[in-house]
Amino acid sequence: MRRLYAILVAAGLIYMLFVFLGTLPLYGKVDLSNRVSAHFLAKDVNSVDVKKWVEGDKQVPSREKIYGRKGFEDESANVVTSIVVNYRSFDTLGEVTVLFASAVGIGLVLGGMKRMGYGRKPNFILRVSTGILLPLIIMFGIYIFVHGHLTPGGGFPGGTVIAAAVLLLYLSNEEFVANMKTSKSLEGSMGSLYVIFGLAGLATGGAFLFNFLPNGVVGSLFSAGVVPLVYMTIGLKVGSELSGVVAEIHEEREG
Amino acid sequence: MSALIWIAGGMMVVAAVFAVEAKRILDSVIAMSALSLISVFLFIAMRAPDVAITEAAVGAGLVTAVLLVTLFRMKGGGDE
């Protein structure tokens with residue numbers, strides 16, 4: 001009876017997910033010119049007609065007057081990425097730093113020598129399905145951060161999905177221990193690479209974290225300038241960092 | 001659309017009340033996980049798939065795992 005109840009609840013949740021996904025517009029069908037930032041730049045949500053504005057009928061204050069060059073946002077299909085990595089890139093650097101500080105804190109408090117065991121053999125289904133699902137989960141995580149400027153997602157969710165794969169490895173294998181040296185060096189090098197991108201922007205464009213690469217065509221993989229590169233560094237950094245956290249909560253001091 | 005938001009919001013309230021009122025801590029942790037999962041649906045209904053992906057990975061995945069591992073370690077320490 002209890003199992004039947006659990007199956008019913010799971011089926012209900014899956015059905016709900018599909019119903020809710022149906023409310024989203026299809027990929028590629030979204031009107032790219034109808035964007036929030038035009039309203040934001042005009043400081044007006046009522047009288048400005050965004051479509052006319054993009055077509056060239058500029059209403060005061062004009063686009064050029066505000067930031068002097070073509071829109072940052074025009075080339076990345078996912079507008080949230082534009083905000084996170086173009087307008088607010090310094091914020092993102094701060095977020096990554098906060099995550100780094102918390103990971104270091106967890107390492108200081110919870111670090112140990114020995115792997116903590118759960119005291120029971122992992123379920124057969126868990127062990128077998130981990131082998132099947134693990135490559136798919138890691139590939140999905142990498143897809144999320146590589147396509148961060150095209151589809152929903154980005155560095156943080158992609159890295160978290162990769163960390164979830166590492167967690168699955170820990171749950172399904174009592175003896176598994178992650179190689180901390182690799183994750184630490186990857187984390188450090190990716191964090192410094194982000195700052196190096198920022199300094200390159202400072203050298204070429206005159207502003208820290210300036211988007212210095214050509215923008216390309218909307219919707220292609222190599223577009224939106226520096227955004228995919230930054231998201232790849234963030235994704236690898238967050239993934240290795242949270243994997244380290246997952247490894248550290250499974251460690252215990254001897255005794 | 002609006003009905004979907006009401007359904008998801010109502011289920012979130014139920015899960016939150018259950019998380020506070022449950023007798024066992026394990027049930028509370030699972031209810032918190034369910035709360036995160038339903039908020040994923042709410043974010044999808046509000047056209048925020050970015051936040052939905054992050055919430056699904058962090059809220060329903062990693063935070064639940066961290067809480068469960070903490071619970072396991074607390075129980076292990078208590079038995080010895």
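Is A:V227 buried or exposed? Select A:V227 to start: this residue is buried, with 26 other C-beta atoms within 10 Å. Here a residue counts as buried if 20 or more other C-beta atoms lie within 10 Å of its own, as exposed if 12 or fewer do, and as partly exposed in between, with C-beta atoms placed from the backbone.

**Before going on**

This is a predicted model, in which local features need pLDDT of at least 70 and side-chain atom pairs count only at pLDDT 80 or more, while totals for chains, interfaces and linings use all residues. Residues are numbered from 1 along each chain as its sequence is written, and chains are lettered from A and ligands numbered from 1 in the order in which they are written. The model scores ipTM 0.80 and pTM 0.77.

**Stop 1: the helix around A:V227**

A:V227 lies in helix α10 of chain A. Now select residues 227-249 of chain A, which make up α10. Helices (H or I, at least four residues) and strands (E, at least two) are DSSP runs, numbered from the N terminus. The 23 residues of α10(A) reach 32 Å from first C-alpha to last, close to the 33 Å expected at 1.5 Å a residue; the expected span is 1.5 Å times one less than the number of residues.

**Stop 2**

Select residues 2-21 of chain A, helix α1. Its end C-alpha atoms are 29 Å apart, which agrees with the 28 Å that its 20 residues should span. α1(A) is hardly covered, with two buried residues among its 20.

**Stop 2: A:R253**

Go to A:R253, in the segment after β2 (251-252) of chain A. A:R253 is exposed, with 9 other C-beta atoms within 10 Å. Leaving aside neighbours within four places in sequence, A:R253 is in contact with A:G112 and A:M113; a contact means that the C-beta atoms of two residues, placed from the backbone, lie within 7 Å. From A:R253 to A:G112 the C-alpha distance is 4.5 Å, although they are 141 residues apart in sequence. For chain A as a whole, residues 24 or more positions apart account for 69% of the contacts with a separation of 6 or more.

**Stop 3: chain B**

The C-alpha atoms fill a box of roughly 50 × 25 × 10 Å along the principal axes.

Select B:V40. Apart from neighbours within four places in sequence, B:V40 is in contact with B:A52, B:E55, B:A56 and B:A60.

**Stop 4: where the chains meet**

Show both chains again. The contact takes 19 residues from chain B and 22 residues from chain A. On the side of chain B that touches chain A, α2 (25-45) and α3 (49-79) each supply at least two residues, and α3(B) gives the most, with twelve. This side of chain B divides into 15 nonpolar, two polar and two charged residues. Ala, Val, Leu, Ile, Met, Phe, Trp, Tyr, Cys and Pro count as nonpolar, Asp, Glu, Lys and Arg as charged, and the others, Gly among them, as polar.

Next, select A:L167, A:V230, A:V246, B:I38, B:V40 and B:F41, which touch the most other members of the largest nonpolar core, a set of 52 residues. Helix α8 (residues 155-172) of chain A gives this core its largest share, eleven residues. Such a core is a set of buried Ala, Val, Leu, Ile, Met, Phe, Trp, Tyr and Cys residues joined through C-beta atoms within 7 Å.

**Stop 5: confidence**

Colour by pLDDT, the predictor's confidence in each residue, from 0 to 100. The mean is 83 for chain B and 77 for chain A. In chain A, confidence is highest in helix α7 (residues 124-146), at a mean of 89, and lowest in helix α4 (residues 63-67), at 43. Over residues 61-69 of chain A the pLDDT is below 50. Where pLDDT is low, the predicted coordinates should not be read in detail.
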